Amino acid sequence: QEDVFKKLVAHCKEYGFVFQSSEIYDGLSAVYDYGQMGVELKNNIKKYWWDSMVLLHENVVGLDSAIFMHPTIWKASGHVDAFNDPLIDNKDSKKRYRADVLIEDLMAKFETKIEKEVAKAKKRFGDAFDEAEFKSTNPRVKANQEKIDTVHQRFVDALDKNDLNELKQIILDYEIACPISGSKNWTDVRQFNLMFSTDMGSTADGSNKIYLRPETAQGIFVNYLNVQKTGRMKIPFGIAQIGKAFRNEIVARQFIFRMREFEQMEMQFFVRPGEEMKWFDKWKETRMSWHKALGFSEDKYRFHDHDKLAHYANAATDIEFKFPFGFKEVEGIHSRTDFDLNQHQDFSGKKIQYFDPELNKSYVPYVIETSIGVDRMFLQIISEAYTEEKIEKENGKVDERVVLKLPTALAPVKLAVMPLVRKDGLPEKAREIINELKFDFNCQYDEKDSIGKRYRRQDAIGTPFCVTVDHQSLEDNTVTIRHRDSMEQERVEISKLYEILKEQVSL
Ligand code: ATP
């Protein structure tokens, strides 16, 4: 699995999806640039989200608020005082870790052990295997489950009491993975604020410390009244926004999974107080269906309900996806109560209320938030799409190909058009086809190397359709269309290409 992940990272670079930022200067840790293919895939992901939120929901509208905001906003939101991660250093390896992530990794290790036992037994007993029965009786599974339960309980209690010593003690008790096995040489756990700050204005006229936003949500809350009034919005309604967010993450890991500059797609849905649980459940379900509509295997998704709630929430769940490195959060769904709007009302001194004509009274609305990382979604999609295949050729030899089985609607290039040879008017015919289709679909022209090599190049970037123009095309206006996943080819009329593509590229 680790190996496949390394290959995926290399593939992302080789084909222009993701580059390390500032690479020629040896890179900048946890910051990445999206290349010519990556930007297309990323834009398609954002469009898929935006359309499903804003176009499909009459009562959800968009917003694009600034990254810089009044510094008091981050006081009001609680980020200045509480947006911290617990940090710990190992003195032997001189490496820095997030204490909570170390403990979560530990629990994941026990879980992997259980999964392995289950897989082994499944293989042995075949159809007769009863997983629940096995888990409740097998001593090794039970012992690992007990460890998970104990660590989990201690972890939740420690977070609840903000007991940093106990976090360190768990790490010591389980001799948690560090490069020097069994090393007990840890520093104390201390809190570290994740916000980046900078100065606005020149020092001569008094500069002001301001923050780079660590989430896009606050830009929505402080514009609540503007949008509600000018859009004449009636509760329940939502405001959606896509934009950059910045967090000074302690440990940057797993490629674009945890970045210091990343992008979020957030939607805040304003509801009547008391109705928040109904809407929380509704959005939980809606968001999970959105993920599953991409067509990846359903057992790759799960909800992870939070035991420990953030200071602003009365319910929270994550949608987790099974990445090559295990189940991890892609999206958070939070019931944020009236915390944020109340805080902004207090700190700004402006009334932030909604007059509900049906109830004939005013109140501060409650909020359900759906928050998803564009980059994590990108990583999820590309790691799921990445496939190495062996192909048996007619002469008995085995060929290999790497193909990105991307959902067609998200593929950076939809159609590659290839003249069989670089003469006899075939290139011109190929260009004609592209000129017809390029306003509706991202097309690529490719005339270099053998057709086989060209197919492999398109497979590697996930192009769902390749069209080959040959001499027959000049006579009867037909071409060969080759399908990425099945590699099947068929002869179709050029005039039918638009319809074929149109039907396939919508989700
Ligand atoms: P984590 O527990 O992984 O740090 P979080 O719970 O802090 O994430 P939220 O604050 O709920 O994350 O942010 C919402 C979404 O934004 C996450 O589900 C994730 O997809 C994305 N996200 C958060 N932090 C990062 C990051 N450093 N890099 C990339 N995406 C991120």
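Visitor: Which residue follows helix 12, and what is its phi?

Guide: Gly349 follows helix 12, and its phi is positive, near 75°. Helices here are DSSP runs (H or I, at least four residues), as strands are (E, at least two), numbered from the N terminus. The model is predicted: local features need pLDDT of at least 70, side-chain atom pairs count only at pLDDT 80 or more, and totals for chains, interfaces and linings use all residues. Residues are numbered from 1 along each chain as its sequence is written.

Visitor: Which residues of helix 12 are buried?

Guide: A residue is buried if 20 or more other C-beta atoms, placed from the backbone, lie within 10 Å of its own. In helix 12 (residues 339-348), these are Phe339, Asp340, Leu341 and His344.

Visitor: How is the packing of two helices described?

Guide: One gives the angle between their axes and the distance between the axes. Axes are lines fitted to C-alpha atoms over the stretch in contact, and angles run from 0 to 180 degrees between N-to-C directions. Helix 2 (residues 36-55) and helix 13 pack at an angle of about 110°, with their axes 10 Å apart. Helix 2 is therefore roughly perpendicular to helix 13 (65 to 115 degrees).

Visitor: Which residues make this contact?

Guide: Contact requires C-beta atoms, placed from the backbone, within 7 Å. Helix 2 contributes Leu41, Lys42, Ile45 and Lys46, and helix 13 contributes Val374, Met377, Phe378 and Ile381.

Visitor: Which residues are closest to the ligand?

Guide: Of the 16 residues that surround the ligand, the closest are Phe262, Gly332, Ser371, Gly373 and Arg376; the criterion is a C-beta atom, placed from the backbone, within 6 Å of the molecule. Strand 13 gives the largest share of this shell, four residues.

Terms used:
Parallel < 35°, antiparallel > 145°, perpendicular 65-115°, else oblique. Contact = placed C-beta atoms within 7 Å. Buried ≥ 20, exposed ≤ 12 C-beta atoms within 10 Å, placed from the backbone.
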